[in-house]
Amino acid sequence: MSKNPIVTAVAVQAMDRDLLDNHPNLFVKQTRKGWLMELCLGCDANTEFKIATMENMNQNIMYATEDTSCCIRMFCGALRPFTITVSEGGEKGGKVHSHHERPFACPLANCKCCCFQEIEVKTATGAPIGKVLEDQWFCVPSFKILDANQTLQYNVHQPTCCGGCCVDICAEGCCSCRIPFHIYEPGKHTKGEEVGQVVKIWSGLGKEMFTDADNFELRFPPNADAHTKTRLLGATFLINQLFFEGQGSSNGGNGPQ
């Protein structure tokens, strides 16, 4: 008996659907994996994330883990190259969703002309779908979201004031313990023009004091497709590594501006 072509087409379309298609946001939770080693020995552990949605923060839909050798973590600290593999499901071992590869580069700094911080984003099969790249900046760090054709999609940076010379520390309200990074379309950069955001939120006293494990709210721009969402997830990983990983220690964390 021949197969029904309509049923077959529907089945193929369902197989091609990405897990992120129907989610307008994510809640990215870094676990406390290796916190005791970090506290006692000063050496970073491989980072691990469990990813849910903001509507159901306890129901994990994705899992992400870093693959970096102990030697690289010891000597390079927060500047280390790494590959973070994201898989479906709340635990390790699920179907691979994407890879996020960060090469070794110069520390985050203004007025650079080369050797920018970046993460290249790839599909489960290793096909490049874009990257997150540090932009040239003077006062406030900025990042570019590039698609597979290296076309600029978005700019990401903290909200600013004083004509872009300073970070607006009250953008999320005074004493809110929220550190936002806004997502802007090209050519836009002022308050009210953001189309999405990555926000580092308070994780609790014990977690904040004794670990560098952080939680992030990731709100996608309207009409963002699955590949765009995957690139912005990569931006979240890079922001965590550059601003919050090892914050307050000597291993290269920059801390928020």
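A: What follows starts from one residue and then turns to its surroundings. The model is predicted, so that local features need pLDDT of at least 70 and side-chain atom pairs count only at pLDDT 80 or more, while totals for chains, interfaces and linings use all residues. Residues are numbered from 1 along each chain as its sequence is written, and side-chain values use heavy atoms, with hydrogens and water left out.

Glu-48 lies in strand 2, residues 48–52 (strands are DSSP runs of E, at least two residues, numbered from the N terminus). Glu-48 counts as buried because its relative accessibility is 14%, the limit being under 20% relative accessible area with a 1.4 Å probe and protein chains only. The side chain of Glu-48 makes a polar contact of 2.5 Å with that of Tyr-63 and another of 2.6 Å with that of Thr-31; such a contact is a pair of N or O atoms within 3.5 Å, one able to donate a hydrogen and the other to accept it. Leaving out residues up to four places away in sequence, Glu-48 touches Lys-29, Gln-30, Thr-31, Lys-33, Tyr-63, Ala-64 and Thr-65, where contact means heavy atoms within 4.5 Å.

In the barrel, 12 strands close in the order 1-2-3-4-5-6-7-8-9-12-13-14, with antiparallel pairing.

Ala-64, which Glu-48 touches, is also among the contacts of Phe-237, including Val-28 and Phe-49.

Definitions and conventions: Two strands pair if DSSP finds at least two bridges between them. Helices (H or I, at least four residues) and strands (E, at least two) are DSSP runs, numbered from the N terminus. Buried means under 20% relative accessible area, exposed over 50%, partly exposed in between (1.4 Å probe, protein chains only).
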